[in-house]
Amino acid sequence: MQPICSNWVEIMATDDKEFFVALGQRIAQLRKERGWTQQELADKLGFAQQTLAHYEVARIRLPASTLPLLATLFMTPIDALVGHAQHTQHTGKRGPAPKWQQQIEAIAQLPKAQQRFVSQMLDTVLAQAGR
């Protein structure tokens, strides 16, 4: 019996590859925006640096189970992380963005050295709070 679409596997493989390339690029971009090295992010994720490097260039596929942790670390919705939505406010809420969200957006506009400083301060405060 002849398959309905003989190149179905090739199409899926191409779509998957494009998805993982784009995902890796977003991860690398978000990592760099925060001033983190691959080693620093890999440590936060519990991966070897080389493994993270492979994920960022899509040599190997990032496990789906890693997406919630990445979204938490980058403070972004999973949908935005995987490229299905732009970062927007929740539609059910009215009014301006919460103050912490405004602050994060302001921090993102700072030079990288100042972003690293703010990040280190936050890490210190969170460590003291037991987080």
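This is a guided tour of a predicted model, going from the whole chain to single side chains.

Because the model is predicted, local features are taken at pLDDT of at least 70 and side-chain atom pairs at pLDDT 80 or more, while totals for chains, interfaces and linings use all residues. Residues are numbered from 1 along each chain as its sequence is written, and side-chain values use heavy atoms, with hydrogens and water left out.

**The whole chain**

Begin with a cartoon view of the chain, which has seven helices and zero strands, where helices (H or I, at least four residues) and strands (E, at least two) are DSSP runs numbered from the N terminus. Read along the sequence, the pattern is therefore α-α-α-α-α-α-α. If you colour by accessibility, buried residues make up 26% of the 131 residues, with buried meaning under 20% relative accessible area, exposed over 50%, and partly exposed in between (1.4 Å probe, protein chains only). As a surface, the chain exposes about 9,500 Å², of which carbon and sulfur atoms supply 58%; accessible areas come from the Shrake-Rupley method with a 1.4 Å probe, and for residues only the protein chains shown count as cover. Turning to contacts (heavy atoms within 4.5 Å), among those between residues at least 6 apart in sequence, 50% join residues at least 24 apart.

Side chains of opposite charge can pair when their charged atoms come close. The structure holds three salt bridges, each defined as a side-chain nitrogen of Lys or Arg within 4 Å of a carboxyl oxygen of Asp or Glu.

Select D16 and R61, whose side chains meet in a salt bridge with an N to O distance of 3.5 Å. D16 lies in helix α1 (residues 8-33) and R61 in the loop between α3 (49-56) and α4 (67-74), so this pair ties together parts that are 45 residues apart in sequence. D16 itself is partly exposed, with a relative accessible area of 26%.

Move on to R31 and E56, which form a salt bridge whose closest N and O atoms are 2.7 Å apart. This pair also links distant parts of the chain, with R31 in helix α1 and E56 in helix α3, 25 residues apart. R31 counts as buried at 7% relative accessibility, and E56 likewise counts as buried at 8%.

Then select E33 and R34, whose side chains meet in a salt bridge at 3.8 Å, N to O. E33 is partly exposed, with a relative accessible area of 31%, whereas R34 counts as buried at 18%.

Now show the aromatic rings. Rings of Phe, Tyr and Trp (its six-membered ring) pair if their centres lie within 6.5 Å, and planes under 30 degrees apart count as stacked, over 60 as edge-to-face and the rest as tilted. By this rule the count comes to three aromatic pairs. One of them joins F19 and F20, whose ring centres are 5.0 Å apart and whose planes stand at 85 degrees, so the pair is edge-to-face. F19 is partly exposed, with a relative accessible area of 30%, while F20 is buried at 15%.

Another pair is W36 with F74, where the ring centres are 5.8 Å apart and the planes are at 25 degrees, so the two rings are stacked. W36 sits in the loop between α1 and α2 (38-45) and F74 in helix α4, which puts the partners 38 residues apart. Both W36, with a relative accessible area of 12%, and F74, at 1%, are buried.

Most residues other than glycine have a negative phi. Which residue with a positive phi follows α4? M75 does, with phi near 50 degrees, and its place is in the loop between α4 and α5 (78-81). M75 is partly exposed, with a relative accessible area of 48%.

Finish at A58, found in the loop between α3 and α4, where phi is again positive, near 60 degrees. A58 counts as buried at 6% relative accessibility.
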